[in-house]
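Have the sequence and the model open as you read.

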Amino acid sequence: MLFHVGALWRLNEAGLLLRIKRISSVSGGSIAAGLLGMNWSQLGFDATGVARAFDGNVVGPIRRLGGKTIDVGSVVGGALLPGSSSDKIIRAYRKYLFGDSTLQDLPDDAAGPRFVINATNVQSGVLWRFSKPYMADYKVGRFLKPRVPLAVAVGASTAFPPFLSPVELEIEPGSFVPDPECPLQKEPFTTDVVLSDGGVYDNLGLETAWKRFQTVLVSNGGGHLAPEAEPKRDWGRHAFRVLEIIDSQVRSLRVRQVIAAYEDKEDEHDGVYWGIRTSIADYGLANALPCPEARTLELADTPTRLKRLEPELQERLINWGYAVCDAAIRAHLTPTPSAPAGFPYPGARI
C-alpha cells in the first residue's frame, strides 16, 4: 500500500498520472487505488498535469490508515463474535478511508482513468472486476452501474486467505445483463458471490489492461517466498508450504512474461516494470536516487499486514516506491521525465 503510494507520488510529479487511462489493482494496491479514484476530482490538477492536492487527498489518509492495526482485532473478532473477519476489515476501511462512497463515486472515463479493483471469484475461479460502469466475471456476466460500497470492493480485493477471506457479496436476482455466452449466469453464481484477494488469480492486476493497452506500467509490491531450512512434515503445514511454492512460481512467471514482452521487438507492448524487490542499479541510471540494495530488501521484507507501522518506516517505504518508479520511468519512457530533487521524505531516506 505504502510502496504504491510512493510510485503514484512520482508519477504525479512527472505529469504522468493525468495521462493514465486505466488503473487496475489487486490486494494492497487496491487500497491506494480506491482512495485515489474516490478523491480524483479533488486532486487539483494544474496546467502542467500535476495534482497539487495529492498529498492531502491520498498520502495523508493512507498514512493515517498505516498508523492503525486493524487485522488482529478483525481476525479475532471474526472468530469469536458475530460477523466474519472480512466484515470487520470492511468496516475499518469505511471508517478510516471510504465512508459511504460507492463505485459510482469513481471518475467517469472522460474525467479520469477507469479504476478497476480486482478480486478473485472463488466459485468460478476467475477474476471478478469492480468498476464504475460495471462489475463482471466473464463466466457469470456483467452487472451495470453497481452501487457497491468502495469499502466492500477494496475489502474483497484485499481479502488475503486464509484469515481475511472470503468476502460474500449478495446480489439481487435478475441483476445481470442476460448473456447466453456466460456459462455460469445462474444462481447461486449471480446472487451469492464468494470473493478472495485479487492477487490469488492475477498478482499484477494485468488481465484488465494487457489486452486493451499498448503501454503498460507495472508496479509490483508483492511478497516473496522465504527459504525454510526445516520445513514442517505434518500434512497440514506441509501442504500449506507446497501451496506457497506453487503461488510463488506463478507470480515469478508472470513477472518474467511481462519483462520478456517488453524486450520482444515483435510484441506490440511497451512500458516499464518496477517492484519492491527490484535492484535500482538494474536501470543503469547514473543519477538514480541513492537506494542501497541491502536497505531496499529490508523494506521488501516488511510484513504485508494491516498493522501499525512507525512513521519513519512508512516514509522509507514511500521513498522506496518513489525512487524505483523514478528510475524505471527515466530509464525506459520517452519523453524522459526530469530527475527529481530528492526523496519525498529526505530525512528518512531509504
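## Two hairpins

A hairpin takes you from strand E3 to strand E4 through 3 residues. E3 covers residues 127–130 and pairs with E4 in the antiparallel sense, over 2 bridges. Strands here are DSSP runs of E with at least two residues, numbered from the N terminus, and two of them pair if DSSP finds at least two bridges between them. Arg 129 has Ala 136 of E4 as its bridge partner.

From E4, another hairpin of 3 residues leads on to E5. E5 spans residues 141–144 and pairs with E4 over 4 bridges, again antiparallel. Tyr 134 sits opposite Leu 144 in E5.

The model is predicted: local features need pLDDT of at least 70, side-chain atom pairs count only at pLDDT 80 or more, and totals for chains, interfaces and linings use all residues. Residues are numbered from 1 along each chain as its sequence is written, and side-chain values use heavy atoms, with hydrogens and water left out.

## The two faces of E4

Which way do the side chains of E4 point? Tyr 134 and Ala 136 go one way, Met 135 and Asp 137 the other, and all are buried (under 20% relative accessible area with a 1.4 Å probe, protein chains only).

## A cavity

What lines the largest cavity? Its lining consists of Arg 22, Arg 114, Val 116, Arg 129, Ser 131, Tyr 134, Thr 208 and Arg 212. A cavity is a set of points on a 1 Å grid over the protein atoms alone where a 1.4 Å probe fits but cannot get out, and lining residues have an atom within 4 Å of a point. The largest cavity has a volume of about 50 Å³.

Terms used
Buried < 20%, exposed > 50% of the residue type's maximum accessible area, 1.4 Å probe, protein only. 1 Å grid on protein atoms, 1.4 Å probe; cavity = no way out; pocket = protein on both sides within 12 Å on 5 of 7 lines; lining within 4 Å. Points joined across faces, edges and corners; volume = space filled by probe spheres on them.
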